[in-house]
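I opened this one with my notebook beside the viewer. Here is what I looked up, in the order I went.

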Amino acid sequence: MNTQTITFKVEDMHCPSCPRLITMDLQDKPGVVAVNANLDTKLVVVEYDPTNIFVSELIATIKDSGYTAHEQL
């Protein structure tokens, strides 16, 4: 499996349960290998298999969790 890593800025994380919720929702998606959501930096790092899930789907999952994600370049 060839994985890629992407980092999202999620400015509207505001409490310790926010990164846990985002992590749980992303980990449920096929193709997501690992998630590291950090409240202090407001960053979510996702390792994923691009043949199984698209970046747009990762962003949509974070949005469905109630947050806004912007890709960090």
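Entry 1: I began with Leu 21 and found it in helix α1. Helices here are DSSP runs of H or I with at least four residues, strands are runs of E with at least two, and both are numbered from the N terminus. The model is a predicted one, where local features need pLDDT of at least 70 and side-chain atom pairs count only at pLDDT 80 or more, while totals for chains, interfaces and linings use all residues. Residues are numbered from 1 along each chain as its sequence is written, and side-chain values use heavy atoms, with hydrogens and water left out.

My cut-offs are under 20% for buried and over 50% for exposed, with partly exposed in between, using a 1.4 Å probe and protein chains only. Leaving aside neighbours within four places in sequence, Leu 21 is in contact with Ser 65 and Tyr 67; contact means heavy atoms within 4.5 Å. I also checked Leu 21 against Asn 38: they are 17 residues apart in sequence and 12 Å apart in space, C-alpha to C-alpha.

Thr 23 is found in helix α1 too. Its relative accessible area is 16%, so I noted Thr 23 as buried. Not counting residues up to four places away in sequence, Thr 23 touches Val 35 and Ala 37.

**Entry 2: the two helices.** How do α1 and α2 cross? Their axes come within 9 Å and cross at roughly 135°. That makes α1 oblique to α2, because angles under 35 degrees count as roughly parallel, over 145 as roughly antiparallel, 65 to 115 as roughly perpendicular and the rest as oblique. I took axes as lines fitted to C-alpha atoms, for helices over the stretch in contact, with angles from 0 to 180 degrees between N-to-C directions. From α1, Ile 22, Asp 25 and Leu 26 make the contact, and from α2, Leu 58, Thr 61 and Ile 62 do.

**Entry 3: the sheet.** In what order do the strands lie? I read β2-β3-β1-β4, an open sheet of 4 strands with antiparallel pairing. The edges are β2 and β4 (70-71), each with a single partner strand, so one side of each has no neighbour in the sheet. Two strands pair if DSSP finds at least two bridges between them.

I then went through the pairs. β1 and β3 run antiparallel and are joined by 6 bridges; here Ile 6 stands opposite Val 46, and Phe 8 has Val 44 as its bridge partner. β2 and β3 are antiparallel over 6 bridges as well, with Val 32 opposite Tyr 48 and Ala 37 partnered by Val 44. β1 and β4 pair in the antiparallel sense over 2 bridges, and Lys 9 stands opposite His 70 in β4.

Next, the helices on the sheet. α1 lies across β2 and β3, running at about 170° to β2. α2 packs on the sheet and touches β1, β2, β3 and β4, its direction making about 40° with that of β1.

**Entry 4: Lys 42.** Most residues other than glycine have a negative phi. The hairpin of β2 and β3 has 4 residues between the strands.

**Entry 5: the core.** I finished with the largest nonpolar core, which has 18 residues. Such a core is a set of buried Ala, Val, Leu, Ile, Met, Phe, Trp, Tyr and Cys residues joined through side-chain atoms within 4.5 Å. Phe 8, Val 10, Val 44, Val 46 and Leu 58 have the most contacts inside it. At least two core residues come from each of β1 (4-9), α1 (17-27), β2 (32-38), β3 (43-48) and α2 (55-64).

Which residues of β3 face the covered side? Val 44, Val 46 and Tyr 48 do, whereas Leu 43, Val 45 and Glu 47 make up the uncovered face. Leaving aside neighbours within four places in sequence, Phe 8 has contacts that include Val 44, Val 46, Leu 58, Ile 62 and Ala 69.
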